[in-house]
Structures are given as C-alpha cells and as structure tokens.
Amino acid sequence: MLGFDVVIVRYDEIALKGRYVRNRYERALVNNLKMMLERGGARYTGITRERGRIFIHTSDERVIGLASRVFGVASVSPALTTTSRLMDIGWLAARVGDLVIGDGESFAVRSRRTGSHGFTSRDVAVHCGDAILREMGERGVYVDLTSPQHEIHVEVRGESAYVYSRIERGVGGLPLGTQGKMIALLSGGIDSPVAAWLMMKRGCEIVFLYCNNHPFSDEETRRRAMECIEALRVWSPIGFRVYEAPNGENLRVFLDRCDEKLVCVLCKRMMYRIAIEIMKREKAHGIVTGTSLGQVASQTAQNLMAEAYQLSYPIYHPLIGLDKKEIITIAERIGTYTSSIGPGSCTAMPDHPATEAKIERVLLAEENAGVEELLQRTIERTKVVKS
C-alpha cells in the first residue's frame, strides 16, 4: 500500500473570489477542516495553506474521507513530499510508479509547477517518465498520454514537490458558515433533509425546526426526522441546534374553524411564522423548505404565493426545480434516504387540498382561527431538543 505524508486539499469556487473574500473563505475552510478532523479523531501535525492549496500534514488514512466531506473541498490527494530538485522528484516518482503500475500497464505523468525554477512542467513530466521507465522498463510498462491506465501526478510548488497517484472527489460548494445562518423546516420525509444539505453546501449554517403535528402524526415521523439530522451531522463540523414546536393544536383549530381544503396552506404559513420567531432568536437570515414545485397536489405556484403572502422574510426552496427521482438520488448520496422512508403521514391533510388557494380566503381563515394567539402559545412551548 502506498503511504503518504501529506493530504493535498483543493478548492474551485473559492479561487474565483476577490483577494479579501478568498482569504476569509480559506481561513473558514481551514477552520472547518480542523474541526472535522478533530471530531473524527484523525491524527495530523498541522495544516498549512498556499494560494490554491491547503496541506494537511498527516499519514492517517481517515483524513482523506473526512476532508472530502468538508464543504468547499473540490478534491483531496494523499501525497509524498520531496524537494524541488529534478533528481529527487524523479526518484520519488519512480518509487510511486513501482507501487502503482502493474506489469505491462500504461501510465502518464501529469505535472504542474508554481514558483521560479530552472525547468518547465514538461521537463518534470519527461524526467519522471524516464525515471519510471528506467525503474520498470523490464516489466513492460509504457507511456500512454491519451488514455493511460495509471496517472502519476507531480506538483512542484516553491522549494517542495508532491507526488501522488490518487485524487478523491470532494463535496464542493462553499465553506460552512460563510453565507450566514438559515432555519430549515424538517418534516421527517425525504425532501427537507436534502434541501438543508444543499443550503449547507452553499455555505449556510443550519438550525433545524421540527413542527410536531401530534396527534395528527406519530412518534415514527419524529424519529425519522431526528435520524435525518444525525445522518447530516457527518457533513457538519459545527453540529446543529434543533428546535421542536408543537403544531398539532394549531391543526386542530384549523380543522375546526376553517375550510378543510385550506389546512395545508394554513399549516405551512403557521410553520413559517414559527420559523420567523426562531430566526429572530438565532439572528438567522432566511427559512429553508423542501418544497418541489408540483410534486404533490398542494405544492402549486399559487399555493406557494399564498403561503408566503405578507410574511416579509426570505424563504428558500432549493429543491424547487427537481423531480422526486433527482431528490432521492441526492438523499441516497448524502445518507439521509434510509432514515427518511417508512410509514406515517399527517392525518390532518384533507383528501382534496386546495391547489389554487385564494389569498383573501386564507387571510379570512387565519382571522377566524386567531393565528396570532396560536403563534404565541406555540412559541411559549417551543424548545431546543438538541444543540
């Protein structure tokens, strides 16, 4: 097995930022990497950064998987370090090639260089290729620059050089926490954890709000929601705060005093009002939902307009243009799908919910229900269940 003494961390989008913002994002990324590695119990001796690269000084295999899950990381490579002298680079490339390339297999050397040196990137590739052929020529290996079976990578940066053969894809996005804080509504289904994850990928710190619809939903639904949060923890070095609000009494009032067809719209507006109060408490910047346009009968453009009418706070729907299959694919990838599936639904949902809710009828229904009093009682009973 090929060892390593450093893990090279690359980023893409951060490099496009201006100098001040890029420096701030790089510092945030380094800080998130440290927290992720420490939470995962991985060993490392230090983290350094240069323009376009972050170096984690370690030989612990766990670092590779942990670092690749940090938002903002485009890819990682475990590498071996040497000097920037061509002789030393060639010797190390031959050692790596001997471990990686099998008898009769093809290879290519891919090189890049940063700094002032007496040779070009092409010189590095040619020298390393010759060194590998001298080392392994009798084993039938050969160079194929178009479609090689193996690639040996060399990065020369200043007085150091790094040789590696492995590139692990990262999660990408922006460092967590660089885009403020969001309140994510969590339902216990497939969609809302995916929506939260996508906003995390864009750099948002997430605070979860679970509106418990008991007795119109069961403990299984709550369990699934909390399991989804646990599944998402592997992507967050900073953890989550989770609020739980009792919403069942509100649904009871809506069913008793309002047109049954409007219950879903009234329920969503109440959830938004609760989330707004949590936003104020957390100094957050918006609300995140798992809404996908047209996925269910109540998720129509007209209903979305009625749900957000006069609430005056930003509401984000990161899944708005995705279909169910696309959402499930992401859920499977991020580890929330298994926790999201199972029996259980909200029994307050009418058989024929409104699909073209009229704003004036919604406002009249809220007046009849006394939503401000309901909201006040709900907020008084809302609690932090995890932190």
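Biologist: Leaving aside neighbours within four places in sequence, which residues is L209 in contact with?

Modeller: In this predicted model, L209 is in contact with I183, A184, L185, L186, Y243, A245, M271, I274 and A275. Contact requires heavy atoms within 4.5 Å.

Biologist: What makes a set of residues a nonpolar core, and which members of the largest one touch the most other members?

Modeller: The members must be buried residues of the listed nonpolar kinds, joined through side-chain atoms within 4.5 Å. The largest core has 40 residues, and I183, L209, F254 and I274 touch the most other members. Two or more residues come from each of β10, β11, β12, α7, α8, α12 and α13. The largest share, 12 residues, is that of α8. Apart from this core lies another, of 31 residues, including I190, A225, W235 and V242.

Biologist: Why is T378 called buried?

Modeller: The cut-off for buried is under 20% relative accessible area. T378 has 2% relative accessibility, so T378 counts as buried. This residue lies in helix α13. Leaving aside neighbours within four places in sequence, T378 is in contact with A245, P246, N250 and I274.

Biologist: Which other residues of α13 are buried?

Modeller: Helix α13 spans residues 371-381, and V371, L374, L375 and I379 are buried in it, as is T378.

Biologist: What covers the buried residues of α13?

Modeller: The cover includes β12 (241-246), α7 (248-257), α8 (263-282) and α12 (359-369).

Biologist: Why is S236 called buried, and where is it found?

Modeller: S236 has a relative accessible area of 1%, so S236 is buried, given a limit of under 20%. S236 is found in the loop between α6 and β12. Leaving aside neighbours within four places in sequence, the contacts of S236 are M36, R39, L176 and M200.

Biologist: What volume does the largest pocket have, and which residues lie nearest its centre?

Modeller: The volume of the largest pocket is about 1,100 Å³. Its lining has 41 residues, with S187, G189, Q299, C346 and M349 nearest the centre. The elements that each give two or more residues to this lining are β10 (181-186), α5 (191-201), β11 (205-212), α6 (219-232), α8 and α9 (301-308). The largest share, five residues, comes from α8.

Biologist: How do the residues of that lining divide by class?

Modeller: The lining of the largest pocket has 19 nonpolar, 17 polar and five charged residues. Gly counts as polar in this division.

Biologist: What makes a residue part of a pocket lining, and which residues line the second largest pocket?

Modeller: A lining residue has an atom within 4 Å of a pocket point. For the second largest pocket, these residues are F107, A108, V109, R110, R122, A125, V126, G129, D130, L133, V143 and L145. Two or more of them come from each of β5 (106-114) and α4 (121-136). The largest share, six residues, comes from α4. By class, eight are nonpolar, one is polar and three are charged. The second largest pocket holds about 180 Å³ of space.

Note on methods:
Residues are numbered from 1 along each chain as its sequence is written. This is a predicted model: local features need pLDDT of at least 70, side-chain atom pairs count only at pLDDT 80 or more; totals for chains, interfaces and linings use all residues. Side-chain values use heavy atoms; hydrogens and water are left out. Buried means under 20% relative accessible area, exposed over 50%, partly exposed in between (1.4 Å probe, protein chains only). Helices (H or I, at least four residues) and strands (E, at least two) are DSSP runs, numbered from the N terminus. On a 1 Å grid over the protein atoms alone, a cavity is a set of points where a 1.4 Å probe fits but cannot get out, and a pocket is an open set with protein on both sides within 12 Å along at least five of seven lines; lining residues have an atom within 4 Å of a point. Grid points are joined across faces, edges and corners, and a volume is the space filled by probe spheres set on the points.
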